[in-house]
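User: Hi! I am new to reading protein structures, and I would like to learn it feature by feature. Could you walk me through this one?

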Amino acid sequence: MFVLELTYTAPLEAVDAVLKEHVVWLDEQYRQGVFIASGRKNPRDGGVIIAVAGDRARIEEITAEDPFVTAGVCAYRVTEFTATKTAPALEAYRETL
């Protein structure tokens, strides 16, 4: 499992200019089962995504395709972790050491 932290590197006007494309990209990742939660940070200086994938390389490929990245308006910080405890609704994502 991965925590993806987005930090905007451009003014909000530039971010908003590609927001529609970013949402389409998000929707596709949800459709593929990669993303399980996402949203804006408060204050609005980026966002957070919870994702699942086979490995970090796949996550890095996915984030490189984000329209925010290709437009140069955000940077990602990727943190991989082992979800050994989850809420019952997320039991399918629970991992063992």
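User: With which side chain does the side chain of Thr86 make a polar contact?

Analyst: Some ground rules come ahead of that: this is a predicted model, in which local features need pLDDT of at least 70 and side-chain atom pairs count only at pLDDT 80 or more, while totals for chains, interfaces and linings use all residues. Residues are numbered from 1 along each chain as its sequence is written, and side-chain values use heavy atoms, with hydrogens and water left out. A polar contact is a pair of N or O atoms within 3.5 Å; within protein, one must be able to donate a hydrogen and the other to accept it, and residues adjacent in sequence count only if both atoms are side-chain atoms. Here the partner of Thr86 is the side chain of Arg94, at 3.0 Å. A polar atom of the Thr86 side chain also lies 3.4 Å from the backbone oxygen of Leu90.

User: Why does Thr86 count as buried?

Analyst: Buried means under 20% relative accessible area, exposed over 50%, and partly exposed in between (1.4 Å probe, protein chains only). Thr86 counts as buried because its relative accessibility is 18%. You will find Thr86 in the segment after S4.

User: How many bridges join S1 to S4, and how many join S1 to S3?

Analyst: S1 and S4 are joined by 7 bridges, and S1 and S3 by 6. Take Thr7 as an example: its bridge partner is Gly46 in S3 and Ala75 in S4.

User: What is a nonpolar core, and which residues have the most contacts inside the largest one?

Analyst: In soluble globular proteins, nonpolar side chains tend to be buried together. A nonpolar core is a set of buried Ala, Val, Leu, Ile, Met, Phe, Trp, Tyr and Cys residues joined through side-chain atoms within 4.5 Å. The largest core here has 18 residues, and those with the most contacts inside it are Leu4, Phe35, Ile49, Ala51, Ile59 and Phe68. S1 supplies the largest share, 4 residues.

User: What does Phe35 touch?

Analyst: Contact means heavy atoms within 4.5 Å. Leaving out residues up to four places away in sequence, Phe35 touches Leu4, Trp25, Leu26, Gln29, Tyr30, Ile49, Ile50, Ala51 and Ile62.

User: Is Lys41 buried or exposed?

Analyst: Lys41 counts as buried, because its relative accessibility is 18%. Lys41 sits in the loop between S2 and S3, and a polar atom of its side chain lies 3.4 Å from the backbone oxygen of Leu6.

Note on methods. Helices (H or I, at least four residues) and strands (E, at least two) are DSSP runs, numbered from the N terminus. Two strands pair if DSSP finds at least two bridges between them.
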